[in-house]
Amino acid sequence: MNFKLLFFFVIVTMSSFMSNQVSAQVDSVRYQARFNPETCLHDFYIVIEGGSATIIPHRAQFNSQFTVVYPTSASINGGPINNMPLQNNQNYTSTTPMVWKLSSSAIDPASAPGLVFQSIVPTLSPASFYNNLVTGDTIKLFSLDISPVTECGVDVRVYENGVDPDSNADGMNGSDYSNGFTIGGSVQKYVGNHAPVTPPLPELSAVVNCDNGIGIYLTAEVSGCQTPPTYSWSG
């Protein structure tokens, strides 16, 4: 065996591996809102659409904005309940979440009556880091207590860039509520939203009673988080 050739091959292979490790970085993420019927909270996630992050600089949280839209009939109780990333988590040892905080809001703007646009941004000091990330990972950033929760809960969602009112729209007061996410640098990684996961649909049941003619008794049940359902039927 030619040991010189083998040594050269090993060096080239390791150099290529190290180069790939250094260059590997998250390149795209999406946002998603999910209602949790067990906690009665709305959880907000990033989904890693492409790339990975395994070294310290690439796992660092940078400037971002996550805008939540909900009806004026509801309100946020308290602030975000933080989950990820973790403060001073360079070596995967931290258990203290970074602080996501409520920022600017537009309430019942003329361009979108009946809605609230609430910006949520990260606190970047001290520096915070995710654990290793790979394509397909779904990471909960924070939760919000938004109540009351309607029967179907479809009125709590993530802002849609290019669809919802921009900074020039009536009632937005010049504020930009567009979503944006950066990690490991200043390059924009946000590419859109996944469909929200809404509260479970009401469970319907019917009982037929034939003792005195035909009687049909309908009931509808929802989780303890949701407002009591209203319904009507005919026929």
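Student: Why is Asn88 called partly exposed?

Tutor: Buried means under 20% relative accessible area and exposed over 50%, with partly exposed in between (1.4 Å probe, protein chains only). Asn88 has 44% relative accessibility, so it counts as partly exposed. Do keep in mind that this is a predicted model, where local features need pLDDT of at least 70, side-chain atom pairs count only at pLDDT 80 or more, and totals for chains, interfaces and linings use all residues. Residues are numbered from 1 along each chain as its sequence is written, and side-chain values use heavy atoms, with hydrogens and water left out.

Student: What makes the phi of Asn88 worth a mention?

Tutor: Its phi is positive, about 50°, although Asn88 is not a glycine. Asn88 sits in the loop between E6 and strand E7 (100-107); strands here are DSSP runs of at least two residues (E), helices are runs of at least four (H or I), and both are numbered from the N terminus.

Student: Why is Tyr92 called partly exposed?

Tutor: The relative accessible area of Tyr92 is 40%, so this residue is partly exposed. Tyr92 also lies in the loop between E6 and E7, and its phi is positive, near 65°, in a residue other than glycine.

Student: Which peptide bond involving Pro85 is cis?

Tutor: The bond joining Met84 and Pro85 is cis, with omega about -5°. Pro85 is in the loop between strand E5 (81-82) and strand E6 (86-87).
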